[in-house]
Number of protein chains: 4
Amino acid sequence: MSKVVVGIIGAGRIGKLHAKNILLSEHYQLKAISDVDTNHLSDIDYLKAVPIITENADDILNDPEIDAVFICSSTDTHIDFITKAARNHKHIFCEKPISFDIEKTKETLQVIKQTGVKFQVGFNRRFDTHFKKAHDVVRNGDIGTPHVIKITSRDPEAPPEEYIKRSGGLFIDMAIHDFDMICYLSGQDVKNITVKASSLVNDCFSRNDDVDTAIITLTFADDSLGVIDNSRQAVYGYDQRIEVFGNNGMVQVENQKPTNVKVSTNASVTEDKPMYFFLERYNKGYIAEIHDFAQSILEDKPVVAKFEDGLQAELLAKAAKISWKENRTVELSELQ
Amino acid sequence: MSKVVVGIIGAGRIGKLHAKNILLSEHYQLKAISDVDTNHLSDIDYLKAVPIITENADDILNDPEIDAVFICSSTDTHIDFITKAARNHKHIFCEKPISFDIEKTKETLQVIKQTGVKFQVGFNRRFDTHFKKAHDVVRNGDIGTPHVIKITSRDPEAPPEEYIKRSGGLFIDMAIHDFDMICYLSGQDVKNITVKASSLVNDCFSRNDDVDTAIITLTFADDSLGVIDNSRQAVYGYDQRIEVFGNNGMVQVENQKPTNVKVSTNASVTEDKPMYFFLERYNKGYIAEIHDFAQSILEDKPVVAKFEDGLQAELLAKAAKISWKENRTVELSELQ
Amino acid sequence: MSKVVVGIIGAGRIGKLHAKNILLSEHYQLKAISDVDTNHLSDIDYLKAVPIITENADDILNDPEIDAVFICSSTDTHIDFITKAARNHKHIFCEKPISFDIEKTKETLQVIKQTGVKFQVGFNRRFDTHFKKAHDVVRNGDIGTPHVIKITSRDPEAPPEEYIKRSGGLFIDMAIHDFDMICYLSGQDVKNITVKASSLVNDCFSRNDDVDTAIITLTFADDSLGVIDNSRQAVYGYDQRIEVFGNNGMVQVENQKPTNVKVSTNASVTEDKPMYFFLERYNKGYIAEIHDFAQSILEDKPVVAKFEDGLQAELLAKAAKISWKENRTVELSELQ
Amino acid sequence: MSKVVVGIIGAGRIGKLHAKNILLSEHYQLKAISDVDTNHLSDIDYLKAVPIITENADDILNDPEIDAVFICSSTDTHIDFITKAARNHKHIFCEKPISFDIEKTKETLQVIKQTGVKFQVGFNRRFDTHFKKAHDVVRNGDIGTPHVIKITSRDPEAPPEEYIKRSGGLFIDMAIHDFDMICYLSGQDVKNITVKASSLVNDCFSRNDDVDTAIITLTFADDSLGVIDNSRQAVYGYDQRIEVFGNNGMVQVENQKPTNVKVSTNASVTEDKPMYFFLERYNKGYIAEIHDFAQSILEDKPVVAKFEDGLQAELLAKAAKISWKENRTVELSELQ
C-alpha cells in the first residue's frame, strides 16, 4: 500500500476540514464522502476530485477498496459506525468524544482489540507543533523527572446557553482536552483528582448546574502533581499554555499570536493578543494528526492518540465532576 | 518631623542591609544600632556616621529622640521588643514572622492597637516594583474582577537538612510569602484551602516530616480562586511569577534576569536564567519598604504590610499544614 | 464575474505552489496550466481537477474564457508573455524580477498602461501578515512620521557558486526584496543610496565579483533615512526583521520561530531558532498575494505590488551596485 | 594597599554619584572632596564620613596619602587637573570627554604614558552588565568573527536649545558613547566612516548647524562593518540596543524595562516602555566602573576604558562631522 484509500463519514465543518487536508496529502487517496445531506457539497471545487459523494455511509463501510474511515458524524452515531468499520477491517479515525456513555466506550474497546484495526481518536492537540515539542523535550529527559505539570486552558468567550445545556458541562466538554494533554505529558496514571470550581463569568452556567471557572489538581502514580486552570472566558483571546517542571529543568509553551509586531509609543508598548480560538490556534495540528494516522497505517506503527487515551480522558472528566459536586478528592480507583 | 530618627535592633545580615539603605535615604536619621555582639561592626565604613553602637537594646528602646525601631533580631525576641517599643510609643518595623506562636501574635496585636503606633511587617515582596505594579493594575480595575490568581514560587536549591529541621516546614517557612502575596493581590478573605504535596526533590524533607513540592488551592470569599505552586529546587534559578486573571483581562509578572542578552547560534537561541535568589531578586524591595515606612510615619498614612497581614499569613500556613496532614480541605473559620 | 478564471504559465516550484493555493481559493477557477514539459504533473492528485494541461502557452494566452494569467516561467520569457497577455486583455500576475533589462521593463510598462490590465508583481513579502501589519501601523499614523526605517535581511546559508555566478549579484538577487519593502514602508521616493559591502562569508563571492555582506543606507525625499543590512549566511536561520521609527513611536517586526517552546535548565534558557528559509517564513504571504490579486480584479481595485514597484526595486539594485563599485553615494536622479 | 584612598574633584551631579558609590564600596576610602562651592554639601548625611571637604582642589592633588583622584569638574579644567595629578603620581579616573581639543588630548596622553599612572575614562557603558556580557560573548568567540555590529542609540527627548548650542553637536555629544561601544565590541581599528544625517525632530538643531537623526556606517580594518543609528528623541524612552552578528552566530542586547509586567485585555497586550534615561539605564554601570578602577589599582591590572579609548572616540566624532558636512566617506587616516 503506497497510499491510504479513505472514506469520510460526515461532512460538517470538521469533516470538510479533514477532506481538504486529505486531498492535499500525498499519503491519502480520498475515494468517498458520505453525509446525511450532500447538496451543500456540490459547489465546492476541491471536492470535484472525489469519486463518490453519497448519502449512505454503508457505501463507504462496505467498499472493499477503502482502507480507512474518518468518522466525523454526530457523537451518538460513533459507536455504531466504529463497530461496523472495525468488523469490516477498516482502520478508524474518530472524532472525540468516542461516546457519551463510558460503559459503551469500554465495550467498543473490546471490538477494536479483537479486530486489530488501527484506531485514532481526534485529540489534535497532541499533534500541535508546540505541545508536541514540549512533550518530546520531557520524554527525551531534558528536564529530568516531571514534578509539576501545569496547564492553562481558557476559551475566548462563553458559549451560548443553548450550547451549555447540551455540552455535558465544563469537565467533559472543555477540560477533556486538558485531561488528555496532562496525561500525554506526564506519561503516568492519575491517582486522584481534586476540583475547586465557581461560576464567575455569567449566570448561564450556575443556572444549568455547571461552572465556568475551575482549578483542577491531580496526583500522579509517582506522586508528581498536576494542575489545570480553566475559564470559559478570556477576553484577550484563546489562552493555551503548558509548563512542565522537573528535577533538571522546565519546559514552557507560550501562546501563539497572529503577528510578532510590537508598537512602542509614549503611551505604551503593545503587541498582538493571542490567536482567537481553536481553529486558528490548532490549525496545523489538524493536518499533522491525519499525516500521523497515515504513517501508522502505511508503516504499521502504533497511533499516538489511541482508544484507551479517549477512554482515560472521559474517566477523568467524570471524576472531576464528582469532586466538584461532592467537594472532595476522588480516587481514580473508585471508577474502575 | 522632617526625618524619622531610627534605631536598629539586631545587626545580622538583614539588619546591616536595612542600616545601609537607611543611611542612603533622605527620610531617615540613623541614630543607633544594637546587637548582642558589636565587634563585627567596627570596620564597616558606612557605619561610622552612626552615633550609637551598643550591645544593649534598651539604649534604643528608652531613647526619647528615637521615633522608630527596626526589629531585626531573632524571631524569639520579637514579641518582647515589639511590646516594649510600642509601650514607649515608637513606630515599629518588624521582620517576619512576627512570632512562632499564633496566640502570642494575636495578643501583641492588641498592644499595637492600644498604643496606636505604626507597625509594618517585613513583607518586602509587596514593595517589589514588579509585583506592586501588578497589584496596582488589579486595584485600578484594569483587568476587572479577579477570577483566578496564580503564584509560582520555587527556590533555586534545597536548603541543608539542618535548616529544614528548624524551619517549621515548607508552609510556614517558604509559602508564607506566597500566602501574603495572594491575599495582597486578591484583597479578599480566604474561605478555605486545599493542599496536594509531595517529597520529590530529596529525602531530607520526608525524613523530617516535611514536603518539598506543593500545589495549594484557595477559595476566596467571593468564590474567586487562587493557586500557588511551590518547589524547594528549581535548577534554573529563583522562579517567582504571578498572574491575575479577571473578567476584563490578565496581568502577569515574569521572572527577572541578570541581563537581556540573547545569543543565537546554529545550535540554539539562549538567554539568561532568572536571578539566582531573593537577595538579587528582591533587592529593590528592601529599599522601597523602608522608604514606604518612612512615608507612613512622616505623612501619617496607613502602612502597606500591617500587623494583621502578618497574622493572616501565619493562619494560612497553619491551615495548609492541616490540609496536607489530614488530606482534606480546611475552612479558615476552623482556626478563628 | 464571481470567480477569476485563471491559467498558469510555468509549473516549476513556484508555479505548482500557486496552483495549489488557487485550487483552494474560492475566488479562482483554475482552467489551465502550461509548461515546457508536462510529464511531471501527471501524478499530482490535486491537479486532476484542472481541465487543461498543455505544453503550449498560447493555449492559455488565446483562451477567451481565461481572465488572468500567472507568469511563473523563467525570467527571460517574462516580457514576451506579459506583452501577449496584455494585448489579449488578460490581467497579469508576474513573478519577480520582471526582466533583467531595465530598458525593456520600462517599455513593457507602457504596454500595461495602454491596455489597462491589472498587473501584480510577485513581491509576496508585502502580503506577509507581520510586515503588512507594520505597514498598516505606519500608514495609520500610529508612530507619526517615519524618521528611520531599518531592515535586517540575512539568508540562512550561502548559495552554491553556480547560483552566485548567474544571480546578478547580492543587490539584484537578494536585496531587491528589501528595496521593495523599504519603499513600501516609507511611501517616499528615494533620493540617494550609499553602500558599504564586503566579502566575509566565503571566497565564492569575491571570486565572482560579488559581495556577501552589505550595509545599504538611503535618504528619502523628505530627508528621512533608511538602512538595510544583508548577509548571505546567518547560521541561526533566516533573519527577517524590520523597524520603523517615527516622531511618535516605533513599530518592530521580530523573526518568526517554529514553536514558542522555552526550555530552562541549570545550563541555560533556550528557545527555537527562526524559521529556516523563505518557504517557511513567507508561506502565508504566497496565499495572501493571490487572494489580494483576485480581489483587485473582482472588485476593480488597485493592486498592492504594481509594475512601477517592480521597476523601482530594479533601479535601486542598479544604484546600489554602482555605489559599491565606485565607492560613492549615487543619486537616483542619475538613473532616470 | 588594601583600600584605595581617594579624592573627588568636582561635586556636581556626577561627582556626588561617584561619592555615594565610593562610600559604599569596600575597596575605597574617601578622604576628600573639592568643589568650587561646598555649601550645598553640608546637609548631605552620607558625606559626613568624609574627612576633608574643600574648595581648593590642590588640597587633594597635593595630599600624599591620596592614591587616586576622580576628576568630575567641568571639561575645560580636565587637562590641567589630569596633568597635575599624573605628575603627583596619582591614578586618575576622568569623566568624558577628556577635552574639547584633540591636540591637547594627544599631548596629555604623553604625560600619562611618562608617569605610568592608571588612567580610566568614564565610559561607563563598557561596565553595563548587559553590554559587558555581549562584549564577553564576542571576545569568547561564541559567535565567531564579527561581520556586522549594529548599535541603536536614541535619547528619550531632545535637549533644550541652550544645551544644543554648547554641546558641540550630535557626533561629539551623543554618538561619542556609541563610537566607543562599537570599537569596544569590534576590537578592530576603524578604516573609514560615512554619515547620512538629517534634522527631523525639531528646528533647533538645523538652526544651530546640528542634526538630530543620523545613520553612521563604518568599515573596520578587517572589512567587517558597523552601523549606528541615532535620534535625539524616542518618545517611548531611552533606546539602547546592540547586536553583533558573526560567522557563527549573533548576540543581541535588548532594552531594559522598569518592570516585567504584562497586561492583556480585549484591546491589547501591553508591557512597560524602556527605562527613561541614562541615570536609570546605566545606574549599575556607574558602580561597576569604580569597582573595576579600584581592582586595576589594587591588583595592578590594565584599565578597561583607557586614555587611548577616549582619544579614539573623539577622532571618530570629528570624522563623522566631516563626513556629514562634506557628504563623503572619511578615511580615519586623514586625521592622524
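This is a predicted model: local features need pLDDT of at least 70, side-chain atom pairs count only at pLDDT 80 or more; totals for chains, interfaces and linings use all residues.
**Exercise 1. Describe how chain B is related to chain A, and find the residue of chain B that comes closest to the axis.**

Solution. 

Step 1. Chain B is laid on chain A by a turn of 180° and a shift of 0.0 Å along the axis, with an RMSD of 0.1 Å.

Step 2. Name the relation: it is that of a two-fold axis.

Step 3. Here Arg328(B) comes closest to the rotation axis, its C-alpha being at 3.7 Å.

**Exercise 2. Characterise the contact between chain B and chain A.**

Solution. 

Step 1. Count the residues: chain B gives 41 residues to the contact and chain A gives 41 residues.

Step 2. Turn to the area. About 3000 Å² is buried between chain B and chain A, and 61% of it is on carbon and sulfur atoms.

Step 3. Find the main contributors in chain B. Lys196(B), Ile215(B) and Phe245(B) lose the most area to chain A, together 21% of what that side buries.

Step 4. Compare the two sides. The copies meet through the same surface, because 100% of the interface residues of chain B are also interface residues in chain A.

**Exercise 3. State how many cavities of 30 Å³ or more the structure holds, and describe the lining of the largest cavity.**

Solution. 

Step 1. Rolling a probe the size of a water molecule over the atoms shows where empty space is left. In this structure there are seven cavities of 30 Å³ or more.

Step 2. The volume of the largest cavity is about 130 Å³.

Step 3. List the lining. From chain A come Lys20(A), Leu23(A), Leu24(A), Asp45(A), Tyr46(A) and Ala49(A). From chain C come Lys20(C), Leu23(C), Leu24(C), Asp45(C), Tyr46(C) and Ala49(C).

Step 4. Assign elements: helix H1 (13-24) of chain A and helix H1 (13-24) of chain C each supply at least two residues of this lining.

Step 5. Sort by type: eight lining residues are nonpolar, none is polar and four are charged.

**Exercise 4. Locate His89(A), Pro97(C) and Pro97(D), and state the backbone feature at each.**

Solution. 

Step 1. His89(A) is not a glycine, yet it has a positive phi of about 60°. His89(A) is in the loop between helix H3 (78-87) and strand S5 (91-94) of chain A.

Step 2. In chain C, the peptide bond from Lys96(C) to Pro97(C) is cis, with omega near -10°. Pro97(C) sits in the loop between strand S5 (91-94) and helix H4 (102-115) of chain C.

Step 3. In chain D, Lys96(D) and Pro97(D) are joined by a cis peptide bond with omega about -10°. The loop between strand S5 (91-94) and helix H4 (102-115) of chain D holds Pro97(D).

Terms used:
Residues are numbered from 1 along each chain as its sequence is written. Chains are lettered from A and ligands numbered from 1 in the order in which they are written. Side-chain values use heavy atoms; hydrogens and water are left out. Copies are superposed by least squares on the C-alpha atoms of residues with pLDDT of at least 70 in both. Contact means heavy atoms within 4.5 Å. On a 1 Å grid over the protein atoms alone, a cavity is a set of points where a 1.4 Å probe fits but cannot get out, and a pocket is an open set with protein on both sides within 12 Å along at least five of seven lines; lining residues have an atom within 4 Å of a point. Grid points are joined across faces, edges and corners, and a volume is the space filled by probe spheres set on the points. Helices (H or I, at least four residues) and strands (E, at least two) are DSSP runs, numbered from the N terminus. Ala, Val, Leu, Ile, Met, Phe, Trp, Tyr, Cys and Pro count as nonpolar, Asp, Glu, Lys and Arg as charged, and the others, Gly among them, as polar. Buried area is the accessible area (1.4 Å probe) that two parts lose on being put together, summed over both.
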